[in-house]
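Below are my notes on the model, as numbered points. They cover selected charged residues and a few backbone angles.

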Amino acid sequence: MDVLAAVAAWGLTSACQYQPLLPWLNRICPLDAVNFHALEGTLSPSAKIYFPGSAEYAQLTTRWSTLEEPRVDVVVVPGTEDDVSHTVTFANTENIPFLAYNGGHGATTTLGKMDHGIAISLSQLNSIKITDNGETATVGGGVMSNDVVDKLWAHGKLTGKLIYLGPGLGGGHGWLQGHYGLISDQFVSMNVVLADGTLTQLDANSDLWWAMKGAGHNFGIVTSVKTKIYDVRHRDWAIETFVFGGDKVEDVYEAANKYILRHGRQPVDVINWSYWLNDPQIDPGNVSACSLKLARLRFSPLASQPVILFFIIQEGSHHVDPMYTTPFHNLGPLAVQMNPGTYLDLAAWTGIAKSSPPCQKSGNANPRFPMYLDSYDVMAQTTAYAMFADATRGVSVFNNSIFMFEGYSTHGVKSIASDSSAFAFRDQNILAAPLISYAPVSSERGVQAAELGNRLRQALLESNGDRSLAAYVNYAYGNEALADLFGHDERRLTRLRELKGKYDPLGRFGFFAPIPRPGA
């Protein structure tokens, strides 16, 4: 096992702070008094430990968003599932906080509560095995999405989404949810390290199973999961991408309601997806991914309004059916691009592939402010667009920001009982979120970004009258109430609190949208 570099004593001392919200964090100081050789002796030969100053430490702790980053003193890279258990047990014995890492794309202010401790990188737990005669696959907790997709596709199989386990703990939306439901709906069993360090297998016979499918970040570290997989129904997929000016906001979303969303009855093989962003000639991934010919568009970086990129995606066809696209052609788009392809192209088409520029770790803060919508309220869309344009156009420090609208088919999601998991918002049709991207040069800029994101979210929320906020936990900013993330039925919240009290009474999993213990 490799133990690289040395921990700087000043960094350890400054990191040793008492966190009154989580009293168990008060630990032995300084951290260099902790005998990591004792941990090393419990781990497998393939495990690794990295300290600040090493390239590996820097790589494994760099995150997609620099918003309220967790600060860690050491990175443990388990080589086996048992190594995760041993690391958590060691951390508990030494009274040191810990946090599991995978891709580093989580972005919520509650992560900043971790100001010292151990990062547990799951990157070596990346196995993928097709099991049960092709009915399931067992994947490691650190597996990368493209590896899962490529392996399953080579065997004529699919799973629900290109990005997998992390989102699945919060429910998990995906391209195939119209057929099969959420990512978490596919879980058959999972190996989980609980707060006390126990490695256990969970399935539907456990009372914790319900919570792991929607609130799993709060209850354990998933080291592997067995999930349902499906035969490829159609190898062909198609996308038609429209670019509209801001003057078309009302028309675009009115057409989306009428011809695609259809009062929550969006066809199972159709997806609508859109972005608001500045100058598509310098867009971070979306237009360029579709190879749009935009040379004839002459946007001034100083005066241009954000454009609307509207995607219509269809399964099982070389081209999107004109019954969906013709109404948008009739609105007079600035540009249109049609592309045939396969399921493997979906992430790149929509700018969310692992290699897409928006998914790179650029040093920016990238907070999101999510909410679910029943439909597109066209007047609210117009109001929010004007607000977004005013705040992000030209030389604004927020001009790399994006407003996202994800409109998957919901048949499969709604066909599964709402009380089957901790995911609470099966009746919703659209996931919307402004993503306010900026260079984190000052705390004042962070405050400005939060004000903008919250105002944009509120503009759409008010269109729903008295309806309470429903927010996707995987996109949470960090200021959402517990009910906003896990449902406004008090029985659901009571159940979550009781499970938290049973399985994590000390709140060790308290850094991602934390659920308070009973009485806390």
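Are E480 and R457 buried or exposed?

1. Both E480 and R457 are buried, where buried means under 20% relative accessible area, exposed over 50%, and partly exposed in between (1.4 Å probe, protein chains only). Their side chains meet in a salt bridge, 2.9 Å from N to O. E480 lies in the loop between α15 (443-461) and α16 (482-486) and R457 in helix α15, so the pair ties together parts that are 23 residues apart in sequence.

2. On sources: this is a predicted model, in which local features need pLDDT of at least 70 and side-chain atom pairs count only at pLDDT 80 or more, while totals for chains, interfaces and linings use all residues. Residues are numbered from 1 along each chain as its sequence is written, and side-chain values use heavy atoms, with hydrogens and water left out.

3. The structure holds nine salt bridges, each defined as a side-chain nitrogen of Lys or Arg within 4 Å of a carboxyl oxygen of Asp or Glu. One of them joins K226 to D132, with the closest N and O atoms 3.4 Å apart. This pair links distant parts of the chain, K226 in strand β11 (residues 221-228) and D132 in the loop between β6 and β7, 94 residues apart. Helices (H or I, at least four residues) and strands (E, at least two) are DSSP runs, numbered from the N terminus.

4. D132 also has a positive phi of about 55 degrees although it is not a glycine. N133, in the loop between β6 and β7, likewise has a positive phi, near 55 degrees. Most residues other than glycine have a negative phi. D132 is partly exposed at 42% relative accessible area, and N133 counts as exposed at 83%.

5. R63, in the loop between α3 (55-61) and β3 (74-77), deserves a look. R63 is buried yet has no salt bridge, and the nearest side chain of opposite charge, E69, is 5.4 Å away. The R63 side chain does reach the backbone oxygen of G106 at 3.1 Å.

6. D247, E250, D251 and E254 gather in a patch of negative charge on the surface. Patches are made of residues with over 30% relative accessible area and no salt bridge, like charges being joined within 9 Å and nonpolar side chains (Val, Leu, Ile, Met, Phe, Trp, Tyr) within 5 Å. D247 is found in the loop between β13 (237-244) and α9 (249-261). The buried residues of α9 include V249, V252, Y253 and A256.

How values were computed: Accessible areas come from the Shrake-Rupley method with a 1.4 Å probe; for residues, only the protein chains shown count as cover. Lys and Arg count as positive and Asp and Glu as negative; His and the chain ends are not counted. The place of a charge is taken as NZ of Lys, CZ of Arg, CG of Asp or CD of Glu. A polar contact is a pair of N or O atoms within 3.5 Å; within protein, one must be able to donate a hydrogen and the other to accept it, and residues adjacent in sequence count only if both atoms are side-chain atoms.
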